[in-house]
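The following goes through a model and its aromatic contacts, then its ligand site. Please keep the structure open while reading.

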Amino acid sequence: MADRDALRAKYRAERDKRLRADGNEQYIEPAGRFAHLLEDPYVEVVEREPLCDEVTAAIIGGGFAGLTTGARLQQAGITDVRIIEGGGDVGGAWYWNRYPGAMCDTAAMIYLPLLEETGHMPSHKYVPSTEIFAHAKRIASHFGLADQALFSTSVTSIEWHEESARWVIHTTRGDAIRARFVAMGTGPLHRPKLPGIPGIESFGGHAFHTSRWDYGYTGGDPAGAPLAELADKRVGIIGTGATAVQCIPHLARDAGELFVFQRTPSSIDVRNNHPIDPEWFATLEPGWQQRWLTNFCVLQTGGFADEDLVHDGWTDISQRIRDRIVAAMSEPGATFGPELAQLAYEDSDDQKMTEIRARIDAIVADPDTADDLKPWYRQLCKRPCFHDEYLQAFNEPTVHLVDTDGKGVERIDETGVWVGGRHFDLDCLIFASGFEVGTSYARRAGFETTGRGGQTLSQRWAECMQTMHGVHVHGFPNLFIIGPNQGANLISNITSNLADAGKTIASVIAHTMDVEADEVEVTLDAEQDWMRTLEGAGSTFLNNPDCTPGYYNNEGKAVGARERLSAVGYPPGPVAFFEFIDGWRTSGEFTGLEFRKAAT
Ligand code: NDP
């Protein structure tokens with residue numbers, strides 16, 4: 001117990017070092033010297049005439065949210081579907097994130113949607129960004145979504161027109177597209193943010209954000225070819241989150257010198273990637289992907305199953321908790337309750353984090369560097385990372401960890417970066433500083449949505465996101481949100497939330513058309529009932545102020561009782577949500593929705 005108290009005290013002290021009054025405001029949107037970071041370096045934009053036509057369904061965003069919803073609409077027989085996408089192709093986060101080493105930490109067998117429908121076998125247990133991007137394109141072509149899509153086209157506003165019962169979508173290309181239905185797949189990981197470090201604008205060297213990797217400057221390519229142009233450069237990288245962990249081994253291999261500016265170390269668990277065996281893959285029975293999805297979801301959220309199909313770092317901690325509970329319950333007179341569950345969780349987490357810290361000592365040769373790389377928080381307080389070459393990179397003589405003791409980079413000037421009163425001369429500065437996740441919906445999406453009676457989504461959600469099932473918003477007829485929040489909220493496999501929401505949206509749209517209604521809208525009562533249901537959601541890491549700050553917990557700033565609801569899921573958990581929503585959409589009743597003719 002004394003050890004545990006000491007560990008908790010250490011966790012609190014490390015968190016306190018990082019707490020700052022400005023929370024999310026510490027980050028800035030790329031502007032001025034960095035305005036180009038919102039542009040697309042990957043395609044030549046081709047001029048075209050503005051469109052003023054009408055479609056049955058418009059989908060904002062061509063990432064996996066938009067693609068899976070588009071696919072489900074096609075499956076439901078609704079083929080007049082137009083994806084509108086700011087990037088030059090589909091892919092969303094996987095279009096933008098082409099940095100060297102990019103791959104997904106969730107196993108491809110469950111992360112890549114619609115594998116059975118498209119007939120694709122993942123090459124490895126965890127696949128690189130190039131394969132994920134290719135799969136996004138495969139879904140688009142398989143379901144005929146690419147032909148009608150508008151790329152390099154960013155939405156500037158969406159308005160509901162009462163008289164015609166249509167949404168009108170304005171874009172950066174001068175379009176005014178009418179749509180009977182709109183689905184919002186705007187995602188959280190595509191708008192880069194920068195740290196508001198004093199002097200950032202003054203940096204005179206080359207600078208870019210990881211989601212706009214400048215291969216023209218570095219050499220190399222997304223497949224991992226050497227970043228040959230960096231051989232004589234002094235490169236700095238700010239950030240040590242999931243992105244930095246993946247690209248640092250490549251920079252360490254190729255840069256003349258690399259300076260890694262660290263504020264909070266990530267927890268780095270083993271990766272253990274391996275190729276998928278085609279013979280084994282061929283033995284999988286039809287329906288396998290849904291079975292894998294359910295199995296992962298059950299095991300990752302503390303349930304029981306006969307086997308662990310995915311078997312990785314996401315399910316490992318739950319497995320340990322379960323084993324402890326089973327062992328405790330086999331003692332005579334044992335009773336299950338919240339105390340036992342909490343103890344099993346704390347024991348498992350402490351054991352896991354001790355192993356993660358021990359792994360650093362085993363891999364990193366210099367003891368001071370090893371100490372600086374150790375994470376002092378619970379594993380799920382920040383995004384857990386998995387990598388087999390990241391820690392090893394710090395053994396390279398050209399790689400320097402510059403730990404800022406939780407304070408962050410002090411200042412940037414024309415020639416480099418200041419930390420702790422020391423200046424680091426740099427030719428190139430890479431921002432691995434993440435994305436707009438915790439900011440307002442309109443800032444994240446990049447446009448405003450105006451619903452019935454002129455009310456904007458920002459006004460409607462001023463206090464917190466308000467939906468039924470995470471999908472339907474009162475005052476916004478024929479509009480659907482695609483995302484994990486207020487629904488399953490299965491953070492460890494985002495695409496499973498999206499693909500399932502797509503099924504719901506397709507069935508609601510198909511029903512609206514079947515009953516020849518013009519409008520479908522959630523009633524205020526049904527929406528607020530759902531909001532009251534969400535109040536039962538316990539404290540999660542996503543809103544836990546005890547955790548070290550980051551976008552998982554609103555940068556450590558306490559959130560109000562209502563605001564907290566923006567980031568929660570269905571209280572009984574993701575498995576229960578998927579079961580509940582499947583029953584809701586297949587019952588044919590669509591309880592809570594109102595189907596009606598237009599007002600005029
Ligand atoms: P993050 O927001 O996770 O990380 C930003 C990094 O920048 C943090 O290390 C942060 O430190 C650091 N930082 C911010 N300001 C400063 C400062 N002033 N001085 C020094 N450091 C600073 O962004 P990522 O792009 O790494 O990841 C975003 C999300 O994208 C991930 O959480 C994950 O969900 C997803 N992703 C998934 C991948 C996968 O599947 N493998 C790969 C990449 C991304 P601090 O921690 O102290 O805030």
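Trp280 has a relative accessible area of 34%, and because that value falls between the cut-offs of 20% and 50%, Trp280 counts as partly exposed in this predicted model. Trp292, at 9% relative accessibility, is buried, since the value is under 20%.

The structure holds 28 aromatic pairs. In one of them, Trp160 and Trp167 sit 5.2 Å apart, centre to centre, with 55 degrees between the planes, a tilted arrangement. Both Trp160 and Trp167 are buried. For Trp280 and Trp292 the ring centres are 5.9 Å apart and the planes stand at 65 degrees, so this pair is edge-to-face; the limit for that class is over 60 degrees. Trp280 belongs to helix H9 (residues 278-282) and Trp292 to helix H10 (residues 288-300), so their pair ties together parts that are twelve residues apart in sequence. Elsewhere, Trp530, Tyr570, Phe577, Phe578 and Phe580 form one aromatic cluster.

The ligand has 26 residues around it, of which Asp105, Thr243, Arg263, Thr264 and Tyr551 come nearest. By class, this shell divides into 13 nonpolar, nine polar and four charged residues. Helix H8 (residues 242-254) supplies the largest share, three residues. Domain 1 (2-38 + 192-271 + 347-431) and domain 2 (54-191 + 438-536 + 571-596) both contribute to the shell, so the ligand lies between them.

An N or O atom in the side chain of Thr243 is 2.6 Å from an oxygen atom of the ligand. A polar side-chain atom of Gln246 lies 2.9 Å from a ligand nitrogen atom, and a backbone N or O atom of Ala432 is 3.4 Å from a ligand oxygen atom. Of the 920 Å² that the ligand exposes when taken alone, the protein buries 91%.

Notes. Residues numbered from 1 in each chain as written. Predicted model: local features only at pLDDT ≥ 70, side-chain atom pairs only at ≥ 80, totals over all residues. Heavy atoms only, no water. Near = heavy atom within 4 Å. Polar contact = N/O pair within 3.5 Å; in protein donor to acceptor, adjacent residues only side chain to side chain. Areas by Shrake-Rupley, 256 points an atom, 1.4 Å probe, with all protein chains shown as cover. Helix = DSSP H or I, 4+ residues; strand = E, 2+ residues; numbered from the N terminus. Nonpolar A, V, L, I, M, F, W, Y, C, P; charged D, E, K, R; others polar. Domains from an automatic or database assignment. Phe/Tyr/Trp six-rings, centres within 6.5 Å; stacked < 30°, edge-to-face > 60°. Buried < 20%, exposed > 50% of the residue type's maximum accessible area, 1.4 Å probe, protein only.
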